[in-house]
Amino acid sequence: MRYIIIGAGAVGGSVGGRLAQAGHEVVLVARGTHLAALDEHGLRLRVPEGELTYRLAAVDGPGPLGELRADDVLVLAVKTQDTVSALQTWAQVPVAGGGSAAEQLPLVCLQNGVESGRLALRRFRQVYGVCVWLPSAFLEPGVVSAAGSPLTGVLHLGRLPHGTDDTARRIAADLSGARFEAPVVPDVARWQYAKLLANLGNALEAVSGPLDNEAAQALYARVRAEGEAVLDAAGIVYTSAEEQRAARGDKITLVPLDGAPRGGGSSWQSLARGTGTIEADYLNGEIALLGRLHGVPTPLNELLQDLANRLASEHRAAGSMPVGELVRRAEEAEEAARRAG
């Protein structure tokens, strides 16, 4: 199978690079200065064994590829706010032998949150969800860092809305041969919702920096508790912390990488790169949506969603709000919600 990585950033570039290292054919889809760097220098993948360079086909969309192949796998690795545009771009591309990509090809959603899978199912017949545990960074055009060892990541994979099939098992086998563990599960959404709870801290980190102090950790615990209350009210099941620890164990240890700056997660990186957008609407915003649908107040997640969006649109620096100020605003938001209730 040929893997077309739509969004060759931190996660997409790491997966694409490792698949290429394992001998698979890979096409990277990127834009702007990142695409120019990939064309000129190749993908530079910084990993614990050093910096690896892969000269891979790099395109800005389906046009240069012409008719897609029947054995292509589309891997959607853009941020969720860019999902609709990507689906519109790729859904109607013709496939050799007849039909369109949406009709004939598998689409793997290698993304945070749960919304992209729902969006993809509106257009594509074969959609696969992934619970992404893959510490990686993309801060410099053409360069992606993945510090995990001995595994680069753990990627629970399953068909959406549920189930497994031979395609999922073939993709998982390829990933397993490329320094990932890729369990095929019939209930991948259960893993994705658990990851969503962990990702509720992404906006907090983006707004006020690493969660490396007592105040930030205490605030995150309250943010997560809101999320758990909402999922419970909605009747949405998710894997327990114990099950997640058992699945990951000590399979991924972060190794300091030469030349790779220490940074934060995906939302922090969006602010650091000055992209102007951030995925908070589909992380904290997912909890806000479910809270409104099920009558559960979510003042903390609403606050983080709003602040993250403001910092992104104003091109503010990552971590620019002192955690003390954020805690003060959080307490005000909670008090306002109590009065309103």
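Analyst: What follows starts with the open sheet and then moves along the chain to other local features.

The model is predicted. The open sheet is built from four strands, in the order 4-3-10-9, and their pairing is mixed. Its edges are strand 4 (50–54) and strand 9 (136–140), each of which pairs on one side only. From one strand to the next, the twist averages 25°.

Take the side of the sheet with strand 4. Strand 3 (residues 43–47) and strand 4 run antiparallel and are joined by five bridges. The two form a hairpin, with two residues between them. Within this pair, Arg46 stands opposite Glu51 in strand 4.

On the side with strand 9, the partner is strand 10 (residues 143–146), and the two pair in the antiparallel sense over three bridges. Here Glu140 has Val143 of strand 10 as its bridge partner. As a general point, the side chains of a regular strand alternate between the two faces of the sheet.

Most peptide bonds are trans, and most residues other than glycine have a negative phi. The bond from Ser149 to Pro150 is cis, with omega near 0°, and Pro150 is placed in strand 11 (residues 148–150). Leu160 and Pro161 are also joined by a cis peptide bond, with omega about 10°. Pro161 lies in a loop, between strand 12 (153–159) and helix 6.

At the start of helix 6, a side-chain oxygen of Asp165 comes to within 3.2 Å of the backbone nitrogen of Thr167. Which residues of helix 6 (residues 166–176) are buried? They are Ala168, Ile171, Ala172, Asp174 and Leu175. These residues lie on the same side of helix 6, because they cover an arc of only 160° around the axis. In an α-helix there are 3.6 residues a turn, so residues three or four places apart point the same way.

The loop between helix 6 and strand 13 (180–181) holds Arg179. Arg179 is not a glycine, yet its phi is positive, at about 75°. Its relative accessible area is 38%, so Arg179 counts as partly exposed. His315 likewise has a positive phi, of about 55°, although it is not a glycine. The place of His315 is the loop between helix 13 (299–313) and helix 14 (323–340). With a relative accessible area of 53%, His315 is exposed.

Helix 8 (residues 201–208) is mostly covered, since eight of its eight residues are buried. Among them are Gly201, Asn202, Leu204, Glu205 and Ser208. What do the buried residues of helix 8 pack against? Their neighbours are helix 7 (188–199), helix 9 (214–234), helix 11 (266–273), helix 12 (284–294), helix 13 and helix 14. Just after helix 8 comes Gly209, with a positive phi of about 95°.

At the other end of the numbering, Arg2 is found in strand 1 (residues 2–6). Arg2 has a relative accessible area of 8%, so it counts as buried. Its side chain makes a polar contact of 2.7 Å with the side chain of Asp72. Leaving aside neighbours within four places in sequence, the residues in contact with Arg2 are Glu25, Val27, Leu65, Leu68, Arg69, Asp71, Asp72 and Val73.

The last topic is the cysteines. How many disulfides does a search of the whole structure find? The search finds zero. The cut-off for a disulfide is a pair of cysteine sulfur atoms within 2.5 Å. For Cys109, the closest cysteine sulfur is that of Cys131, and it is 13 Å away, which is too far for a bond. Cys131 is in no disulfide either, as its nearest cysteine sulfur is that of Cys109, at 13 Å. Cys109 is buried, at 4% relative accessibility, and Cys131 is buried too, with a relative accessible area of 1%.

Terms used. Residues are numbered from 1 along each chain as its sequence is written. This is a predicted model: local features need pLDDT of at least 70, side-chain atom pairs count only at pLDDT 80 or more; totals for chains, interfaces and linings use all residues. Side-chain values use heavy atoms; hydrogens and water are left out. Buried means under 20% relative accessible area, exposed over 50%, partly exposed in between (1.4 Å probe, protein chains only). The arc is that of the directions from the helix axis to the C-beta atoms. A polar contact is a pair of N or O atoms within 3.5 Å; within protein, one must be able to donate a hydrogen and the other to accept it, and residues adjacent in sequence count only if both atoms are side-chain atoms. Two strands pair if DSSP finds at least two bridges between them. Axes are lines fitted to C-alpha atoms, for helices over the stretch in contact, and angles run from 0 to 180 degrees between N-to-C directions. Contact means heavy atoms within 4.5 Å.
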